[in-house]
Amino acid sequence: MNNQSFNFNDINEALLKVDIVKVISSYITLTQKGRNYVGLCPFHNDTNPSLSVSPEKRIYKCFVCGAGGSAVTFVQDYEKISFTKALQTVQTISGVSMPFLQQFDSRDTATNDEEKRLLELVQSIQSFYGFQLKVAAGSKALNYLRSRHIDDAIIERFQLGYSLSDGKLLINFLTSKGFTIDEILKSGIASYIDGEAYDMMRDRITFAIHNHYGKIVAYSGRRFDEIKDQKYINSQETKLFRKSSIVYNFNNASLEARKTGHIYVVEGFMDVIALYRSGVHNVVATMGTALTSEHIKELAKLKAEIRIMFDSDRAGRIATLRALDLLESKNIPIKIVKSFEEAKDADE
């Protein structure tokens, strides 16, 4: 996104309210020294604290490599992301509202017109799934969630929903909003059956899958009648969604992980929700796939210890060993959560 699209008076006004120490200390360790704070500069191979942060001036400066700027500059350079995404991150960490970001909210997470259109389509699906969970036809799905101790607050937090058994309803909903069948198929949420497009998630509880900036890019569907088909299915991979590079709940867990210095990695959606209900908010899931080098690249940005909490069955133990090999090769701090004695996974 072109920075000139912004009104910089709005940005400056917002940054006057941002605690730069809070933002930067979510990435590196800072120590107070007089009126300022100091820490090891992450932009060069620093061995003595050469980065100085001024809470009064709301700037940082490295006296060795020359790096410096605002809280936004720090995040942009540290995470190697766009100016707009850095602003979004500063808003999340600081808690300072930046209403002017809303106009860029969806457009900045896509790189071309086709991806922007796909992003709009996938985002709009949630309103359909979310509504179906609240009507009479979705009562069996809602009752199942209630039996798993999932209340309205959790449903809202994780954007859970339900797809009715009639797989044409979602297609009709999307075409009524102006999306073509070709676009619906490219979104990864539909498949052809006998020459017609149908919702892949039909008669399943749906889990919205977000990218690391909080935008919905895909869905997973869970059977709640255990005798039917496979338990989970995911949207097909698209330009927006690759399962090997996205970890579930990263957008919610990243700030908490930076605060606590560690993050739990589990296998599934329900494991994340179970831990969240128990007060553990720094948790992500690999969505049933092995931990990949791409997952680790994203997790490493948190500068946090990774705590593996995979299932206690044979497949989970094998996945844990593979994850250890990958993590050790990257010199990332690791811990393994002790195996569950009377349960298969964190959810149980």
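Begin just past the end of α4 and select Gly95, which takes a positive phi of about 80°. You are looking at a predicted model, in which local features need pLDDT of at least 70 and side-chain atom pairs count only at pLDDT 80 or more, while totals for chains, interfaces and linings use all residues. Residues are numbered from 1 along each chain as its sequence is written, and side-chain values use heavy atoms, with hydrogens and water left out. Helices (H or I, at least four residues) and strands (E, at least two) are DSSP runs, numbered from the N terminus.

Now step back and select α4 itself, residues 83-94. How many of the twelve residues of α4 are buried? Ten are, so the helix is largely enclosed by the rest of the structure. Buried means under 20% relative accessible area, exposed over 50%, and partly exposed in between (1.4 Å probe, protein chains only). Among the buried ones are Phe83, Leu87, Val90 and Ile93. Show α1 (8-15), α2 (20-25), α3 (71-79) and α10 (250-260) to see what they pack against; contact means heavy atoms within 4.5 Å.

Five strands form an open sheet in the order β1-β2-β3-β4-β5, with antiparallel pairing. Its edge strands, β1 (31-33) and β5 (68-69), each pair on one side only. Two strands pair if DSSP finds at least two bridges between them; β1 and β2 (residues 36-39) have three. Helix α3 lies across β3 (51-54), β4 (59-62) and β5, running at about 50° to β4. Axes here are lines fitted to C-alpha atoms, for helices over the stretch in contact, and angles run from 0 to 180 degrees between N-to-C directions.

For the last stop, select Asn282, in the loop between α11 (269-277) and β13 (283-285). Is Asn282 buried or exposed? At 5% relative accessibility, this residue counts as buried. Its side chain joins that of Thr260 through a polar contact of 3.1 Å (a pair of N or O atoms within 3.5 Å; within protein, one must be able to donate a hydrogen and the other to accept it, and residues adjacent in sequence count only if both atoms are side-chain atoms). Not counting residues up to four places away in sequence, Asn282 also touches others, including Ala253, Glu256, His262 and Tyr264.

Methods. Expected span 1.5 Å × (residues − 1).
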